[in-house]
Amino acid sequence: MINLEVPKKARTLVNQAHQAAAEVFRPISRKYDRAEHAYPVELDMLAALLDGLNTSGESGAGAAGVRRRDDGEATGNRNGGNLSTVLGTIEMCWGDVALLLSLPRQGLGNAAIASVANDEQLQRFAGRWAAMAITEPGCGSDSAAITATAALDGDSYVLNGEKIFVTAGQRADAVVVWATLDRSMGRAAIKSFVVEKGTPGFEVVRLEHKLGIRASDTAVLRFENCRVPKENLLGSPEIDTRSGFAGVMQTFDNTRPLVAAMAIGVARAALEETAKLLAEAGITVDYDKPAHAQHAAAAAYLELEADYEAAYLLTLESAWMADNRKPNSLQASMAKAKAGRSVVDITLRCVELAGTVGYTEESLLEKWSRDAKILDIFEGTQQIQQLIVARRLLGKTSAELK
């Protein structure tokens with residue numbers, strides 16, 4: 001088992017995040033899994049604490065951004081900021097991934113604003129809780145197929161369309177909406193807009209009932225002749241057929257490692273609980289013996305732990321690259337693909353190893369196995385991540401490799 005030492009500067013943050021997960025998230029984890037759509041009021045104090053850490057530049061469990069110049073090079077990153085955020089996210093999701101997604105002002109929309117907004121927008125939207133609205137009824141992982149439209153009319157863009165599976169879509173103060181300026185121009189015309197709650201023509205249609213992450217609200221949103229100030233467009237308003245879509249997609253270079261970190265936190269929680277149950281059953285996992293020379297359950301556990309380590313290392317690599325101003329799109333997709341698949345395999349196998357305890361509400365194992373599946377789906381499905389990786393490694397375009 002490989003154990004990388006946590007950087008000294010991140011140890012305090014990791015310890016604080018773990019303490020918050022253990023003392024705030026874990027005790028109410030089952031409560032809000034049962035009380036779907038109820039807002040976890042216990043999070044307000046923790047969110048206020050994170051706001052203070054964000055302001056001081058020391059946060060590691062909330063939204064962060066990979067800001068880039070026009071040439072695509074990362075700039076303005078706090079030294080170790082992305083790695084610290086990943087490490088903090090792992091600890092918080094060891095507590096409960098749905099509760100982390102429910103933290104005010106720490107959502108994926110906030111990460112998008114942090115990555116793409118200009119200085120004036122950063123100041124104007126500071127303190128707002130922002131959700132991210134990409135998926136549509138006819139458009140899932142293929143973000144380039146977005147049909148929601150944004151038409152410039154005077155000093156405003158008029159948005160029309162419907163978005164589904166929007167995390168924190170009801171609770172957030174604003175939503176970062178992906179829409180196209182011109183369907184005939186393809187992916188280059190897709191831009192993102194900050195739409196604030198209360199804007200006429202913006203409606204929360206319904207909340208979804210879900211398999212997992214039930215503490216997090218997931219909404220369907222509708223935009224009907226919704227007028228948004230043109231100053232709320234993130235990035236350039238120009239349609240650049242060479243790099244226009246890249247400006248929107250760069251958000252994923254940051255958020256995909258975060259989703260991978262969520263998966264790693266859930267996987268580690270399941271592994272630790274399973275190790276405890278195996279020990280109580282008298283089964284010892286011996287790291288000095290080969291797997292075939294041990295109890296079958298111990299051998300299975302070692303296999304799962306190795307899978308976890310591989311995902312963990314890939315995720316740290318993608319965050320480290322962002323901190324060191326290296327293009328990390330390939331590594332971000334690799335980490336997300338590996339961690340998303342691993343957490344599903346690990347949590348389900350842990351349920352099996354735990355037997356009846358794993359299948360009941362006696363422990364959180366069954367909940368973690370339900371929460372895990374979404375981590376392999378949102379921010380780009382397993383299949384899409386593998387397609388992105390293949391294109392990058394083979395040097396193929398999206399038109400050449402579908």
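Gln331 counts as buried because its relative accessibility is 15%, where buried means under 20% relative accessible area, exposed over 50% and partly exposed in between, with a 1.4 Å probe and protein chains only. The residue is found in helix α9. Helices here are DSSP runs of H or I with at least four residues, strands are runs of E with at least two, and both are numbered from the N terminus.

Some housekeeping. This is a predicted model, in which local features need pLDDT of at least 70 and side-chain atom pairs count only at pLDDT 80 or more, while totals for chains, interfaces and linings use all residues. Residues are numbered from 1 along each chain as its sequence is written, and side-chain values use heavy atoms, with hydrogens and water left out.

Back to Gln331. Which residues does Gln331 touch, leaving aside its neighbours within four places in sequence? They are Glu317, Ser318 and Met321, with contact meaning heavy atoms within 4.5 Å. Its C-alpha is 8.3 Å from that of Val389, 58 residues apart along the chain.

Now the helix itself. Gly355 follows α9, with a positive phi near 65°.

Next, its packing. The axes of α9 and α11, residues 365-375, come within 9 Å and cross at roughly 160°. Axes are lines fitted to C-alpha atoms, for helices over the stretch in contact, and angles run from 0 to 180 degrees between N-to-C directions. The crossing angle therefore makes α9 roughly antiparallel to α11, a label for angles over 145 degrees. By class, the contact of α9 with α11 has ten nonpolar, three polar and three charged residues. Nonpolar covers Ala, Val, Leu, Ile, Met, Phe, Trp, Tyr, Cys and Pro; charged covers Asp, Glu, Lys and Arg; the others, Gly among them, are polar. On the α9 side, the residues include Lys336, Gly340 and Val343; on the α11 side, they include Leu365, Glu366 and Trp368.

Val389 belongs to α12, where Gln382, Gln385, Leu387, Ile388 and Arg391 are also buried, as is Val389. α12 has 13 residues, 382-394, and reaches 18 Å, close to the 18 Å expected. Just after α12, Gly395 takes a positive phi of about 70°.

Last, the whole chain: twelve helices and eight strands, with 54% of its 402 residues buried.

Definitions and conventions:
Expected span 1.5 Å × (residues − 1). Parallel < 35°, antiparallel > 145°, perpendicular 65-115°, else oblique.
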